[in-house]
Amino acid sequence: MENGNTLERRRFWLPRVSVNTLKIAGAILMTLYFFGAAVIQNGILHVQRYTPEELSGLLAGDANAMLWAGIGSMAEIVGMIAISIFAYLTAKGAEHTSSMGRYILSVLAFALISEVPYDLAVYGRVWSWESQNTLWSVLIALITLWMMRYAEGRGAVTYVLSAVAAAGGCLWAILLNCKFGWGFVLITAALFLFRKNRTISLIAGLGASLLYLTAAMGFILISLCTGEYRKGENRLSKYTYYAYYPIMLLLLALASFCLGR
């Protein structure tokens, strides 16, 4: 009996994280990542102006530039924790949405809106084909999950069809050169495929997240997530998170431009 009470006390004292808190944490980490990529790399170091050899020479001969490069790299490394958080949120959204088609169209709209801000922030140009913004990875992941959902209820064949769908999504992300592309798709697919067993789902997602240096750390917060939404959340507040992405990129691009003048 005493052991049971001890376990209950431990559960009580474990911190709990809501879906909304997870979204906020993801947004902060994402901002940190793009701060390193946009403001430090473009605004301070101007990496787009140099070849790799020239940049290496600059860093070797300038201690201040080396310091900023280290800060920028650290910001990006810590910011990568957001990858697994947003993969989890994408899988969770696909699981609970009332309309997968509307969900996909919403992400498509914001992916289109975000492309120019992304190119301005990351490359300092209005348009670049070097990579596509992160929401394209989310879009491909959602389409992959939609196909996986149609494959359900077929026994062992479900896993084969789901693996094919995930492989197709990963290939699509590679061909489009989406930011965090195929790794993000793979993490999301792993979380979604095993979603009926939370432990297995988190283990599968954690394994896939090892593709990135620090993304696995996001599962510390994910494991504490209750899956609950804050009371009173409406559709407008959901779209606020999507709108934050292009606005954040535009502000970082502006800061980068001002520093680079």
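Visitor: What makes F194 count as partly exposed?

Guide: Its relative accessibility. F194 has 27%. Buried means under 20% relative accessible area, exposed over 50%, and partly exposed in between, with a 1.4 Å probe and protein chains only. So F194 counts as partly exposed. This is a predicted model: local features need pLDDT of at least 70, side-chain atom pairs count only at pLDDT 80 or more, and totals for chains, interfaces and linings use all residues. Residues are numbered from 1 along each chain as its sequence is written, and side-chain values use heavy atoms, with hydrogens and water left out.

Visitor: Where is F194 found, and what does F194 touch?

Guide: F194 sits in the loop between α9 (181-193) and α10 (198-209). Helices here are DSSP runs (H or I, at least four residues), strands are E runs of at least two, and both are numbered from the N terminus. Not counting residues up to four places away in sequence, F194 touches Y159, I200, S201 and A204. Contact means heavy atoms within 4.5 Å. The C-alpha atoms of F194 and Y159 are separated by 9.8 Å, and the two residues are 35 apart along the chain.

Visitor: What makes α5 largely enclosed?

Guide: Count its buried residues. They are 13 of 16, so α5 is largely enclosed by the rest of the structure.

Visitor: Which element gives the most to the lining of the largest pocket?

Guide: α5 does, with eight residues. A pocket is an open set of points on a 1 Å grid over the protein atoms alone, where a 1.4 Å probe fits, with protein on both sides within 12 Å along at least five of seven lines; lining residues have an atom within 4 Å of a point. About 890 Å³ of space lies in the largest pocket. Of its 35 lining residues, the closest to the centre are K23, L89, Y103, K238 and Y242.

Visitor: How do you know that the chain agrees with a compact globule?

Guide: With 261 residues, the rule gives a value near 18 Å; the chain has 20 Å, which agrees. The chain has 12 helices and zero strands. Buried residues make up 45% of the chain.

How values were computed: Points joined across faces, edges and corners; volume = space filled by probe spheres on them. Rg over C-alpha atoms; globule rule 2.2 N^0.38 Å.
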